[in-house]
Every structure is written in structure tokens, then in C-alpha cells.
Amino acid sequence: MSIWEFIVALLLGLVEGLTEFAPVSSTGHMIIVDDILLKSAELLKSQEIANTFKVVIQLGSVMAAVIVFWSRILGLFGIRTKNAPVPEEGHSRLRLTHVIIGLIPAIILGFALEDFIDTYLFSVETVLVGLVGGAILMAAADWKARSASSAKERTSLDDISIKQALLIGLFQCIALWPGFSRSGSTISGGVLLGMKYRAAADFTFIMAVPIMFGASAVSLYKKMDLLTVDIIPFFVVGFISAFIFAWLSIRFFLALISRIKLLPFAIYRVALAAVILVIYINIK
């Protein structure tokens with residue numbers, strides 16, 4: 001494994017880890033860093049292998065989310081740990097039912113539209129639409145939350161209803177359009193439905209674990225024959241890099257979201273779309 005291959009794998013893992021759970025679109029960042037700048041498909045001599053690599057490093061991000069929400073995830077199965085959060089008196093508790101209900105819409109629609117999405121929606125143009133559309137959704141959620149009477153009246157994670165879980169699941173379907181961002185869509189949906197920012201983010205990340213792991217595992221299983229001995233070091237470096245930076249990103253974002261809300265991320269998304277558009281125009 002050459003120094004340059006190590007750097008490329010490290011950088012792509014960094015981009016995946018930092019952007020997968022932030023509401024800024026990991027797809028948009030991958031277009032700039034990989035498709036336009038690093039070009040891992042040329043380095044690995046196969047677009048299919050490059051796509052498989054992105055699946056593998058996504059699993060690194062999933063593992064980071066599992067570590068951060070370990071107590072919550074075990075609690076969904078009735079297993080209490082020493083550090084498990086205790087709901088306030090009179091409050092219920094997040095249950096596995098909420099997560100399953102939240103996942104159903106995206107799973108059904110994702111399977112139904114898989115071929116259409118792969119054929120027609122993975123392009124720079126559609127990602128630009130998703131980035132700007134997601135920014136508008138996030139700004140609308142922020143505006144509604146700021147105009148509400150009191151933040152204290154907003155729903156906590158342990159008070160989420162089945163109806164809210166289902167509706168957040170429907171918002172997650174928007175993220176099937178590349179560039180919208182799963183976390184951006186679902187956090188915005190949660191805030192629009194009356195949840196606290198931190199609660200919406202927690203529920204979003206917990207839901208992301210099974211849906212990302214399932215999608216990545218299936219895709220990786222289909223491409224297992226591509227994992228030859230000579231490219232495994234490249235994949236390992238990317239996986240570890242994604243895991244470390246996703247762990248840092250989740251910790252940082254959860255500490256930040258209640259203070260700065262969603263508007264700064266919406267502005268960043270519009271700026272990112274502008275950068276992608278300028279680069280794309282210049283290279284065509």
C-alpha cells in the first residue's frame with residue numbers, strides 16, 4: 001500500500017465520518033472530495049470497487065453510532081446498563097416499537113424505488129437540488145421552533161409518540177433523494193413535529209443504526225467477491241478513519257445542536273451547493 005493510497009483512504013474515511021451524521025449531506029461532500037478531487041475509482045481501477053469501499057467505511061460510521069448510543073440501544077431490548085438514562089417521573093421510555101415504526105416508510109419506499117434512484121437520481125444536478133431543498137426544510141424547522149411559545153414544552157426522546165415516530169419516518173423518506181441528508185431530513189421533521197433538537201437528533205441517530213447497517217451489509221454481501229487481498233489494507237484504513245471521525249462528529253454535533261439549531265447548517269449547505277456548481281461548471 002503506497003503513501004498516497006493511505007492518504008486517500010484516510011481522507012475519504014474522514015469525510016464519511018464527519019458528514020454521515022451531520023445534516024450537511026455526506027453525498028455532497030463525497031462528490032467534491034472523491035468524485036472531483038481524489039478520484040478513488042481511478043486509484044482502485046474500478047468504479048465498482050470504489051463504491052464498495054464507500055459501503056465499507058459507512059459501516060465504520062455505523063459502529064461509531066452504536067458505541068455512542070450503546071446504553072440506549074440495549075434499553076430498546078429491555079437491557080438496563082449502569083449508565084442508562086432514566087426518564088423523568090411521569091415520563092415514558094423510548095421503545096423498540098418507536099424505532100421500528102420510524103424505519104418502515106423508508107424501508108418500503110427504498111426497496112420500491114431502488115432501481116429508479118440508482119438510475120436517475122445519482123448525479124451532480126440532483127444532489128444540488130437535494131442540498132438546497134434540504135436547506136429550505138431545515139430553515140423552516142428552525143423558524144417554526146423559534147416561533148413556538150416555549151422550548152420546555154417540546155417533546156423529549158422518552159416522550160415521543162408512535163405517531164411522531166411514523167411521521168419522522170416519512171420525513172426520512174425525503175433523504176432517498178441524494179443530497180437531502182438523512183439526519184437533516186429527520187431532525188428537521190422531528191423539530192417540526194414538536195420535539196426538542198437534541199431529542200430529534202438522538203432519535204435520528206438511533207434509527208440510522210439498523211437502516212445503515214442493513215443497507216451496507218446487503219450491498220457488501222453482493223460485492224464480497226471484489227474484496228481481494230491487495231485492496232483490504234485500503235479498506236481497513238478507510239473503515240478505521242470513518243469510525244474515529246464519526247465518533248468525534250456525533251459527540252460534537254450532539255453537544256452543539258441545542259445551542260446553534262439548524263440554520264447554520266442550512267446556510268452551509270447552500271454554500272456547499274454553490275461550490276459544487278462552480279466546480280462542476282468549470283470541469284464540464
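Contact here means heavy atoms within 4.5 Å. Helices are DSSP runs of H or I, at least four residues long, numbered from the N terminus. The model is predicted: local features need pLDDT of at least 70, side-chain atom pairs count only at pLDDT 80 or more, and totals for chains, interfaces and linings use all residues. Residues are numbered from 1 along each chain as its sequence is written, and side-chain values use heavy atoms, with hydrogens and water left out.

The largest one has 48 residues. Within it, F21, F69, F203 and I250 have the most contacts. Helix α10 (residues 197–222) supplies the largest share of this core, 12 residues. Take F21. Beyond its neighbours within four places in sequence, F21 touches S61, A65, S183, F205, A208, M212, A246 and I250. A second, separate core has 23 residues, including A50, F53, V55 and L59.

Now turn to helix pairs. Two packed helices are described by the angle between their axes and the distance between the axes. Axes are lines fitted to C-alpha atoms, for helices over the stretch in contact, and angles run from 0 to 180 degrees between N-to-C directions. Helix α1 (residues 3–19) and helix α2 (residues 26–38) have axes that come within 9 Å and cross at roughly 165 degrees. That makes the two roughly antiparallel (over 145 degrees). From α1, the contact uses W4, V8, L11, L12, V15, E16 and T19; from α2, it uses S26, H29, M30, V33, D34 and L38. These residues divide into eight nonpolar, three polar and two charged. Nonpolar covers Ala, Val, Leu, Ile, Met, Phe, Trp, Tyr, Cys and Pro; charged covers Asp, Glu, Lys and Arg; the others, Gly among them, are polar.

What else does α2 pack against? The axes of α2 and helix α12 (residues 263–283) come within 10 Å and cross at roughly 30 degrees. That makes α2 roughly parallel to α12 (under 35 degrees). The contact joins G28, H29, I31, I32 and I36 of α2 to Y268, L272, V275, I276, I279 and I283 of α12. By class, this contact has nine nonpolar, two polar and no charged residues.

Note on methods. Parallel < 35°, antiparallel > 145°, perpendicular 65-115°, else oblique. Core = buried A, V, L, I, M, F, W, Y, C linked by side-chain atoms within 4.5 Å. Buried < 20%, exposed > 50% of the residue type's maximum accessible area, 1.4 Å probe, protein only.
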